[in-house]
Amino acid sequence: MAEYHEPPKDIQDAQYNTKKRLIERRKLLQGQNLTSEKEDTEKEKHAKLIGQLKAAEARNRLRTIRLRYQANKAQEISHLIACQPVALKAVRLQALVPPHSEIKEKGDLLDKFSRHRVEALLNDMKGLLTNRVN
């Protein structure tokens with residue numbers, strides 16, 4: 001039967017030094033833990049700011065690419081119109097395919113009276129306003 005023997009002196013010293021280093025390290029980490037919470041919040045704010053900057057740069061790149069595409073498209077259409085052999089064909093092509101797409105916000109096309117009339121017609125479930133009597 002094997003008996004338990006105390007480890008040699010050099011091994012005991014190594015174990016003691018290791019335990020001592022671990023205790024010192026734990027105390028050091030606990031002291032840094034208080035400051036690391038502040039650093040963590042600052043790092044999170046910084047990461048969020050970096051993310052917002054990257055998103056803004058991506059939006060700007062997309063906008064630039066979109067504008068470049070629209071300019072190239074308009075230039076190509078203008079070139080096609082200019083290369084037409086007959087002026088009538090050029091005018092016809094320009095009318096059908098304008099070089100610049102004009103996007104205008106369409107406001108309310110109805111005046112106040114027309115708006116009330118349309119709403120009355122839509123609300124007339126029995127058809128009293130639209131039925132004609134012969």
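**A pocket and a salt bridge**

The largest pocket in this predicted model has a volume of about 160 Å³. Local features here need pLDDT of at least 70, side-chain atom pairs count only at pLDDT 80 or more, and totals for chains, interfaces and linings use all residues. Residues are numbered from 1 along each chain as its sequence is written, and side-chain values use heavy atoms, with hydrogens and water left out.

User: How many charged residues are in the lining of the largest pocket?

Analyst: Let's look at the lining, which includes Tyr69, Lys73 and His100. Asp, Glu, Lys and Arg count as charged. Sorted by class, the lining has six nonpolar residues, three polar ones and, as charged residues, one.

User: Which residue forms a salt bridge with Asp13?

Analyst: Here is a handy idea: side chains of opposite charge can pair when their charged atoms come close. A salt bridge needs a side-chain nitrogen of Lys or Arg within 4 Å of a carboxyl oxygen of Asp or Glu. The structure holds one salt bridge. Its closest N and O atoms are 3.6 Å apart, and the partner of Asp13 is Lys9.

User: Is Lys9 buried or exposed?

Analyst: Good one! Buried means under 20% relative accessible area, exposed over 50%, and partly exposed in between (1.4 Å probe, protein chains only). Asp13, at 35%, is partly exposed. Lys9 has a relative accessible area of 59%, so Lys9 is exposed.

User: In which helix do Asp13 and Lys9 lie?

Analyst: A helix is a DSSP run (H or I, at least four residues), numbered from the N terminus. The two residues are four apart, about one turn of the helix, and both lie in helix H1.

Notes:
1 Å grid on protein atoms, 1.4 Å probe; cavity = no way out; pocket = protein on both sides within 12 Å on 5 of 7 lines; lining within 4 Å. Points joined across faces, edges and corners; volume = space filled by probe spheres on them.
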